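Please open the structure in your viewer and keep the selection tool at hand.

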Amino acid sequence: MGSHVVLAASDFPIWIRITHYINLLFMFLLMRAGLQILMAHPRLYWNASCKPGSEWLKFTKATVPTDRLYTAMDDERSISPWLALPGKDELGLGRHWHFFCATFWMLNGITYVALLFASGEWSRLVPTSWEIVPRAWHTLLTYGSFHIPPASDFRPFDPLQQLAYAGVVFLLAPFQIITAFALSPAVEARFPWFVKLLGGKQGARSLHFIGLALWVLFGIVHITLVFVVHFQDNVRNITVGNSPAAQSSNLTEPMVLFFGGFVLAVLIAAWASWYSLGHRRRMQHVLGAIVDPIRMLSMQYLTSKQHYRKASSYFWINGYPPETDEYKKLAEANFAGYRLEVSGMVDSPLSLSLSDLRQMTSQSQTTLHNCIQGWSGIATWTGVPITEILARCGASPHAKYLIFTSYQHGKQSFPLATQSWERPFYEALAIGQAKHPQTILALEMNGKPLPIEHGAPVRLRVETYLGYKMVKWVRSIELVDQYTQLGDGQGGFREDNQFYGTSAEI
Ligand SMILES: Nc1nc2c(c(=O)[nH]1)N[C@H]1C(S)=C(S)[C@@H](COP(=O)(O)O)O[C@H]1N2
Ligand SMILES: [Mo]
């Protein structure tokens, strides 16, 4: 084979070089934000109960005490901003970054694959004959004996390299996307079979982590080999391409681009952490503004179709029960004096006792609970559909949100000190979600009156949402047309204080 033919066949067009670099940048940010999310519940399981001790891998030394209440948030790990994006215990911002990067990483990947097929370059990546397997084996043996295959083996990739790249592009990337979708509560609520296929919520979460581990492994080997095997050729290919013109130029420009690219990626990553930690509200809004519309478009109309057969053996708790005298007195009297107040944009305000609520239409559902931190649990919830409450109070057609306010104050729901400690826990629920058939005010859990820790006497269940929206110890429901006048105006206690997203479908 003449060398000219090899060169012409192995040029790297500009779009490959650009998408390759964008991919590097977003993967780096994605991994760091993913680490932030992982440390919010640093345990991985193959079962939906998430019972402490049943994890197959954990990243915490903490053991869960059994003699006192220990919430999932007590189990969260703070992590250095040198490692995670943005670092500390900023799960809300970590998730914003993760979804932001995932969106653009996918767009970049789709562009790359589309151009790959449009240009015919796919044939360099996709193996078309089984012959590649023994050839790749041969290459592996070469590397294994600490030898380097000759440059002529690279057309433009050696067989092992081609298999690895094809595997990463056509198997590992789709695998990460599929397991990611299976982690969204709205997707899980609407397509429970899809999640079961992947081993359930925790199976998908564990697989997503294993996918990450494979990426990291690939990244380490890939970057090492770029340096070790025909480094100068690689630097040219990655930066200026390999056209005959680029070949004849000196190496300065490729080297500057190559190392400059790395430095730029590190600077961007460092800036992202530093800026996010200093401007948390702004980053919540900026990243949310980009991701939320996509999320709303794709997830908003998914309703829950869940019918699990059995409750799980364990159910984590988040938030410490209200400590006010008012609530304690109610609890001592078995909630005989409890009243649920329904007010705001309604024809007739309501004040419902527990027996009023028990006499209303009731339904039961066995569903999967998804906390934003990553743990899950299955339970049977029994109570009154919100549509019943809306019908009884005569909701105004102009009402857009239901504000659920709790007896509990911020202090018990959030372990860290914030100025809004003394505010009651509240969350705004869009009226469309409130009307979903599995959105209920639960009075019972697994056939018994709600235990105090799980929200007695009344808690909200929205089965397409993350757990933080499901207010426990509900005191009142107010119908409003906007929520900006409440708290810090972000749509809920966790949005105000922990910078969680406004829509909780993922
Ligand atoms: N009032 C109140 N409701 C709350 C919370 C809280 O801290 N206070 N935590 C929320 C979060 S983050 C989750 S995951 C669920 C947990 O419900 P569970 O304790 O019954 O498992 O409750 C939600 N409702
Ligand atoms: Mo949660």
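Begin by selecting ligand 1: the space that it takes is the largest cavity of this predicted model.

Next, display the residues around ligand 1, of which there are 21. Those that come nearest are Trp-316, Gln-408, His-454, Arg-459 and Lys-472.

In His-454, a polar side-chain atom lies 2.7 Å from an oxygen atom of ligand 1. In Arg-494, an N or O atom of the side chain is 2.8 Å from an oxygen atom of the ligand. In Ser-406, a polar side-chain atom lies 3.1 Å from a nitrogen atom of ligand 1. How much of ligand 1 does the protein bury? Taken alone, the ligand exposes 530 Å², and the protein buries 100% of that.

Finally, colour the chain by pLDDT. The mean is 93, and 96% of the residues reach 70 or more. Select residues 1-9 to see a stretch where pLDDT stays under 50. For these residues the model has six contacts beyond four places in sequence.

Notes:
Residues are numbered from 1 along each chain as its sequence is written. Chains are lettered from A and ligands numbered from 1 in the order in which they are written. This is a predicted model: local features need pLDDT of at least 70, side-chain atom pairs count only at pLDDT 80 or more; totals for chains, interfaces and linings use all residues. Side-chain values use heavy atoms; hydrogens and water are left out. pLDDT is the predictor's confidence in each residue, from 0 to 100. Contact means heavy atoms within 4.5 Å. A residue is near a molecule or strand if one of its heavy atoms lies within 4 Å of it. A polar contact is a pair of N or O atoms within 3.5 Å; within protein, one must be able to donate a hydrogen and the other to accept it, and residues adjacent in sequence count only if both atoms are side-chain atoms. Accessible areas come from the Shrake-Rupley method with a 1.4 Å probe; for residues, only the protein chains shown count as cover. On a 1 Å grid over the protein atoms alone, a cavity is a set of points where a 1.4 Å probe fits but cannot get out, and a pocket is an open set with protein on both sides within 12 Å along at least five of seven lines; lining residues have an atom within 4 Å of a point. A molecule sits in a cavity or pocket if more than half of its atoms lie within 2 Å of its grid points.
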